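Hi everyone, thanks for coming.

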Amino acid sequence: MAKEKTVKTNAMRILDSLKIPYEMQAYECDEFVDGVTTADKLGLSHELVYKTLVTVAKSKAYYVFVIPIEAELDLKAAARAVNEKALELLPLKELTLVTGYVRGGCTAIGMKKAFPTVLDASVEGLSHLHVSGGKPGLQLKLSVADYVKASRAKVADVIVK
């Protein structure tokens, strides 16, 4: 019997090249809704699932923020974390052009360019987290330390309290 071959995403190839262990979790995804729906489909604790948001500054620089799925990005705190005066969320129509990823499959690992990345401080105390695997219908579970290494993220408080 032939073994089913898993198509690797760019994020998975990067993790493999860095020899970072991860678990892949696939789920049926005809249309991406949100991270909460994803967590519920996979039976994951909402506190362990993080979403990736891309912002743009007035300077036209792009920044990536990785926050819990139920949280809201505090744009002022986020701007302070990256030494910018102001940030706004990247318009969805520009996401693929800027990152190479589509909505529901965006991850800080393996974007077209390596943008400065900030992981919310709520991750402190967690052993692992779940993030998009690079396409809708695919989540990756990896240790927080390995995620920080692979995404070159710094950790800061960037969510609305």
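Predicted model: local features only at pLDDT ≥ 70, side-chain atom pairs only at ≥ 80, totals over all residues.

Let's begin with helix α1, which covers residues 10–17. Which of its residues are buried? They are Ala11, Met12 and Leu15. Why do they sit on the same side of α1? They cover an arc of only 95° around the axis, and that puts them on the same side of the helix. As for partners, the buried residues of α1 pack against β1 (23–26), β7 and α5. Just after α1 you can find Lys19, which takes a positive phi of about 55°.

Now please move along to helix α2, residues 35–42. Its buried residues are Gly35, Thr38 and Ala39. Those residues cover an arc of only 95° around the axis, so they too lie on the same side of α2. What do they pack against? The answer is β7, residues 138–143.

Both ends of α2 deserve a look. At its start, a side-chain oxygen of Asp34 comes to within 3.2 Å of the backbone nitrogen of Val36. Just after the helix, Gly43 has a positive phi of about 70°.

Follow the chain on from there and you get to Glu47, in the loop between α2 and β2 (50–57). Is Glu47 buried or exposed? Its relative accessible area is 52%, and the cut-off for exposed is over 50%, so Glu47 counts as exposed. The side chain of Glu47 also makes a polar contact, at 2.6 Å, with the side chain of Ser45. And try this on your screen: Glu47 and Tyr147 are 100 residues apart along the chain, while their C-alpha atoms are separated by 16 Å.

Last stop, the second largest pocket. How do we look for empty space at all? Rolling a probe the size of a water molecule over the atoms shows where empty space is left. In this pocket, that space comes to about 190 Å³. The pocket is lined by 15 residues, and the closest to its centre are Ala108, Ala114, Ala150, Ser151 and Arg152. Helix α5, residues 144–151, gives the largest share of the lining, with three residues. By type, the lining has nine nonpolar, three polar and three charged residues.

That's my tour, and I'm happy to take questions.

Conventions. Residues numbered from 1 in each chain as written. Heavy atoms only, no water. 1 Å grid on protein atoms, 1.4 Å probe; cavity = no way out; pocket = protein on both sides within 12 Å on 5 of 7 lines; lining within 4 Å. Points joined across faces, edges and corners; volume = space filled by probe spheres on them. Helix = DSSP H or I, 4+ residues; strand = E, 2+ residues; numbered from the N terminus. Nonpolar A, V, L, I, M, F, W, Y, C, P; charged D, E, K, R; others polar. Buried < 20%, exposed > 50% of the residue type's maximum accessible area, 1.4 Å probe, protein only. Arc of directions from axis to C-beta. Contact = heavy atoms within 4.5 Å. Polar contact = N/O pair within 3.5 Å; in protein donor to acceptor, adjacent residues only side chain to side chain.
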